[in-house]
Amino acid sequence: PKEKEEAEGYVTIVADENIADKIRNMLMTAKKRVYLSMAMPLLSQFQEELKELTERNIKVVVLTAFPKDMDEKAGQLPAKAKGVKLYLTSDKKNQIGIITDSKYVLTGELGKGRDSTCLYTGQVNFVQVFKDSMKNEIRLLELEGKKGAKP
């Protein structure tokens, strides 16, 4: 049977485990590009998926921050890997944002256990607003000279 296309509604996902599963699913089904915005401790749990994305030649852009109590070298993330653009941002603590293939967005909080919640959607207007927001953040980081490792 043909895979059913996702509806363009809004879905609230609750609890770290469920949110992490959705993130993994989004990463593994990406076909062209992925934009991720989250703190390094949260991002590090998706190392395998990010590595696989770069091996599949999927464009990966990461906006992240190293917490003050974390040594940058300790954050062993394939963000330094070939094919990943890294931008260093201010620490967003538990806030996350993901865009895959300019079609789907997941945004909210991760790392608060059962209290974490995220909104997932493929709704065109919401995706466009979120893309514009992330694009503006990247542009500001470039102007401030906070670009990290290049591919």
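**Working through the model**

Tutor: Let us begin with helix H3, whose face turned away from its buried side carries the exposed residues Glu48 and Glu55. Please keep in mind throughout that this is a predicted model.

Student: Which residues of H3 are buried, and how wide is the arc they fall within?
Tutor: The buried residues of H3 are Glu49, Leu50, Leu53 and Thr54. Seen down the helix axis, these residues line one face of H3, because they fall within an arc of 135 degrees.

Student: What do the buried residues of H3 pack against?
Tutor: On the helical side, the buried residues of H3 pack against H1 and helix H2, which covers residues 40-43. The strands that they pack against are E2, E3 (59-64) and E4 (84-88).

Student: Which residue just after H3 takes a positive phi?
Tutor: The place to look is just after the end of H3, where a phi of about 60 degrees is found. The residue with this positive phi is Asn57.

Student: How do H1 and H3 run relative to each other, parallel or perpendicular, and which residues make the contact?
Tutor: The axes of H1 and H3 come within 9 Å and cross at roughly 10 degrees. Angles under 35 degrees count as roughly parallel, and the two helices are therefore roughly parallel to each other. The contact is made from H3 by Glu49, Glu52 and Leu53, and from H1 by Arg24, Leu27 and Met28.

Student: Where on H1 do its buried residues sit, and what covers them?
Tutor: The buried residues of H1 are Ile19, Ala20, Lys22, Ile23, Met26 and Leu27. They cover an arc of only 160 degrees around the axis, which puts them on the same side of H1. What covers them includes helix H3 (47-55) together with strands E1 (10-14), E2 (33-37), E5 (95-100), E6 (104-109) and E7 (117-121).

Student: Is Ser116 buried or exposed, and which side chain does its own side chain join in a polar contact?
Tutor: Ser116 has its place in the loop between E6 and E7, and with a relative accessible area of 0% it is buried. Not counting residues up to four places away in sequence, Ser116 touches several residues, including Ile13, Val14, Ile19 and Glu109. Its side chain is joined by a polar contact of 2.5 Å to the side chain of Asp16.

Student: Is Tyr87 buried or exposed, and with which side chain does it make a polar contact?
Tutor: Tyr87 lies in strand E4 and counts as buried, because its relative accessibility is 3%. The polar contact of the Tyr87 side chain, at 3.1 Å, is with the side chain of Glu142.

Student: To step back to the whole protein chain, how many helices and strands are there, and what percentage of its residues is buried?
Tutor: The protein chain has four helices and seven strands, which follow one another in the pattern β-α-β-α-α-β-β-β-β-β-α. Among contacts between residues at least 6 apart in sequence, 70% join residues at least 24 apart. Of the 151 residues in the protein chain, the buried ones make up 42%.

Technical notes: Residues numbered from 1 in each chain as written. Predicted model: local features only at pLDDT ≥ 70, side-chain atom pairs only at ≥ 80, totals over all residues. Heavy atoms only, no water. Buried < 20%, exposed > 50% of the residue type's maximum accessible area, 1.4 Å probe, protein only. Arc of directions from axis to C-beta. Contact = heavy atoms within 4.5 Å. Polar contact = N/O pair within 3.5 Å; in protein donor to acceptor, adjacent residues only side chain to side chain. Axes fitted to C-alpha atoms, helices over the stretch in contact; angles between N-to-C directions. Parallel < 35°, antiparallel > 145°, perpendicular 65-115°, else oblique.
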